[in-house]
Amino acid sequence: MTSSSDAGRPDVQNAKRQADAAKRAAKKGIEEEAEPHATRKRYHRFDRIQRLEHAALLISFTVLSVTGLPQKYPDSWWGKGMLAAMGGIEMTRVIHHSAAVLLIAASIFHLLALGYRLWVQRAPATMMPGWRDVQDAIATLSYDFGKRKLPPLMGHYNFGEKIEYWAVIWGTVIMVLTGFVLWNPILVTKYLPGQFVPASKAAHGGEALLAVLSIITWHFYNVHLKHFNRSIFTGRISGELMEEEHGRELEEIEDNTRKQPNPSTRRRTIYVPIATVVGLLMLATVYFFLTYEDTAITTVPRQDVEIYVPAEATETP
Ligand code: HEM
Ligand code: HEM
């Protein structure tokens, strides 16, 4: 029997939805309906801007990893091979720096786009962690250990996706700050003790390894192996995945109780010019800092290159 206090519990809601679907099926006598109708639908998940942001992150992160890790392990067979394949250490550094600029530009864009969503559109802050996420995490673990019959119903971003998002934010801040020190060691040591340079190198290299491994094990597992989720490329997610990973949001959609954005033209008119100026100023600051000096630290010793020197001096005309 379901008590009234049980009514809001995720497992009870989940069971109730499945029971409703079964009842509908029995009533209509249609076999197909035995599957909750939601699982056959596709739902909007990411708009074009979000997909573009993910593409910029994916490209810059991959290029930074491919050009950064061989610099961290230059004596390994694969490090040597990769550096050679990319045209040597100098070319590798140029590519690393260019991808870093793309990552910084994408991060600035993300900040401004977030401001637009939250302030102009008054969209709910779906990535903010809350107490409910702790409950969902505990419920998921109990389910995984067989202590619960059904997994919890979760919102637009579940606790795992929130952890991942905030890990990317925190990782990017560390990489940009330490990368900046490695790029401008002379400027930095004018104001900060010299130990900041080797410390930044250790942090930059260590965080790079952590980030690459966690994307491969955590993110790829979640979006590729656990399910083949293409929503970040197509913008739409299957009903099956909605049921499994965002069941609470699915219920809100079906009950029409999901919080809707409330955009305002007045706020837009104020925000867009200010954000454009702030964005351009931030880009100009980045340009200034990144071109301030030409002395980034040497991760791999410069190569000795054979050059032609005539044995006898050329005659003076
Ligand atoms: C997720 C992104 C990034 C990854 C995975 C990454 C990875 C790496 C790695 C592994 C190294 C070698 C460190 C060592 O030898 O211990 C390195 C060096 C370096 N990185 Fe990054 N990095 C990233 C982002 C950035 C950013 C945003 C900047 C600039 C703001 C940057 C600037 C540098 C610089 C200046 C060096 C020194 C070598 C050089 O001049 O190219 N990196 N990076
Ligand atoms: C081949 C590479 C990648 C694929 C196939 C991929 C795929 C996906 C998919 C399908 C989602 C949507 C998951 C959902 O329904 O919410 C997603 C979200 C996300 N991705 Fe990726 N991704 C890749 C690389 C990356 C990289 C390199 C990063 C960051 C360094 C990244 C960061 C994120 C973040 C922060 C989210 C939002 C949080 C989440 O939903 O997990 N992705 N990705």
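Let me begin with contacts: of those in the protein with a separation of 6 or more, 74% join residues 24 or more positions apart, two residues being in contact if their C-beta atoms, placed from the backbone, lie within 7 Å. What we see is a predicted model, in which local features need pLDDT of at least 70 and side-chain atom pairs count only at pLDDT 80 or more, while totals for chains, interfaces and linings use all residues. Residues are numbered from 1 along each chain as its sequence is written, and chains are lettered from A and ligands numbered from 1 in the order in which they are written.

The protein has 12 helices and two strands; these are DSSP runs, helices being H or I of at least four residues and strands E of at least two, numbered from the N terminus. Their order along the sequence is α-β-α-α-α-α-α-α-α-α-β-α-α-α. Of its 317 residues, 15% count as buried, that is, with 20 or more other C-beta atoms within 10 Å of their own, C-beta atoms being placed from the backbone.

I turn now to α4, residues 89–120. Its 32 residues should span 46 Å at 1.5 Å a residue, and the separation of its end C-alpha atoms, 46 Å, agrees; the expected span is 1.5 Å times one less than the number of residues. Which elements do the buried residues of α4 pack against? They pack against α2, α3, α6 and α12. Among these buried residues are T92, H96 and S107. Just after the helix, R122 takes a positive phi of about 50 degrees.

The largest nonpolar core consists of F61, L64, A99, A100, L103 and I104. Such a core is a set of buried Ala, Val, Leu, Ile, Met, Phe, Trp, Tyr and Cys residues joined through C-beta atoms within 7 Å. Its largest share, four residues, comes from α4. Leaving aside residues up to four places away in sequence, L103 touches S60, L64 and T172.

Finally, the ligands. Ligand 1 is surrounded by 25 residues, with G68, A100, G179, G205 and A296 the closest; a residue is near a molecule if its C-beta atom, placed from the backbone, lies within 6 Å of it. The greatest contribution to this shell, seven residues, is from α2. Around ligand 2 there are 17 residues, of which F61, E161, V223, N229 and I232 come nearest.

Definitions and conventions
A residue is buried if 20 or more other C-beta atoms lie within 10 Å of its own, exposed if 12 or fewer, and partly exposed in between; C-beta atoms are placed from the backbone.
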